[in-house]
Amino acid sequence: MKKTLLVLFVLLISHQCFATTVKLCGVDWPPFTNSKHGTLTHGLSIDVYSEAFRRLGMKFDVKSMPWQRCMKLVKHGSMDALIDNTHSDDFIHGPTPTAFYPLAIYVRSDAEQSKFSWAAMENKNVAMVKGYDYTEKIASFKLWNKLYAQSESILVKMLKAKRFDYILLDPFAAKNLEITHDVKLKMLTPVIDTAELYLVFNQNKSVLMNQFDAKIIEMINDGTMNRLYLNYLPTSYTDFVKMVTK
């Protein structure tokens with residue numbers, strides 16, 4: 001009996017020592033991801049991945065780095081997956097989103113305009129982050145003039161300095177950027193689109209992708225996704241899904 005228990009203990013330790021470690025990368029994007037010393041340490045997406053990979057018996061290591069570098073490393077296989085991205089032909093993902101990306105036009109707080117319409121954006125200069133995969137609705141609109149910056153932080157700095165009059169941001173980033181740059185932003189309502197975001201994988205990781213997606217579906221069905229969302233946001237996972245599918 002003691003020998004049997006010893007064998008089981010050795011097998012358990014061996015499994016833990018050699019458990020697959022999945023390599024992820026992304027950017028700081030509270031409340032979904034928060035970075036410290038080059039690592040994304042906590043946040044809603046980190047909690048979702050922690051639970052999904054725990055159920056798979058896997059560990060994961062997640063690095064914080066510039067978006068373009070992360071995309072390049074995942075595309076070429078140095079990293080396994082990119083956190084919170086929209087659909088892109090360069091990567092693969094399951095059918096089940098893990099996060100959501102509402103997008104809105106922001107102006108300075110003293111701007112007269114308060115309502116968004118596509119017609120109101122015709123011939124306007126609208127600045128957005130270079131290299132982001134925006135939704136089809138946004139990418140296909142040709143009647144505004146697109147300007148680009150390297151980050152949301154630069155967008156806000158340029159808006160504050162009156163170099164830009166309209167910038168494209170998500171409300172999560174905007175809230176934090178107001179604090180960081182001591183500026184008050186005004187969101188034109190309503191939001192113009194909401195994108196579904198995924199953990200997107202290197203194209204050779206289809207088996208891992210399918211395993212991960214199956215666990216996300218399991219977490220939706222048992223209420224875990226709603227519980228994790230409500231730890232960070234006033235909106236549940238289920239309610240976000242309804243917003244996207246309207």
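The model is a predicted one, so local features were kept only at pLDDT of at least 70 and side-chain atom pairs only at pLDDT 80 or more, while totals for chains, interfaces and linings use all residues. Residues are numbered from 1 along each chain as its sequence is written, and side-chain values rest on heavy atoms, with hydrogens and water left out.

To start with the overall picture, the protein chain holds 9 helices and 11 strands; these are DSSP runs numbered from the N terminus, with helices (H or I) of at least four residues and strands (E) of at least two. Its C-alpha trace spans about 80 × 35 × 35 Å along the principal axes. Of the 246 residues, 44% are buried, where buried means under 20% relative accessible area, exposed over 50% and partly exposed in between (1.4 Å probe, protein chains only). Take the contacts (heavy atoms within 4.5 Å) between residues at least 6 apart in sequence: 69% of them join residues at least 24 apart.

A pocket here is an open set of points on a 1 Å grid over the protein atoms alone, where a 1.4 Å probe fits, with protein on both sides within 12 Å along at least five of seven lines; lining residues have an atom within 4 Å of a point. The lining counts 29 residues, with Val27, Asp28, Trp29, Tyr132 and Glu152 nearest the centre. Two or more lining residues each come from helix H3 (67–75), strand E5 (81–85), helix H5 (152–160) and helix H6 (171–181). H6 gives the largest share, at 5 residues.

The Pro30 to Pro31 peptide bond is cis, with omega near 0 degrees, and Pro31 sits in the loop between strand E1 (21–26) and strand E2 (34–36). Another cis bond, again with omega near 0 degrees, runs from Thr189 to Pro190; Pro190 belongs to the loop between strand E10 (185–187) and strand E11 (193–201).

Positive phi turns up in residues other than glycine as well. Lys162 has a phi of about 65 degrees and lies in the loop between H5 and strand E9 (166–169). Lys162 is exposed, at 59% relative accessible area. Asp182, with phi near 50 degrees, is found in the loop between H6 and E10. Asp182 is likewise exposed, at 64% relative accessibility.
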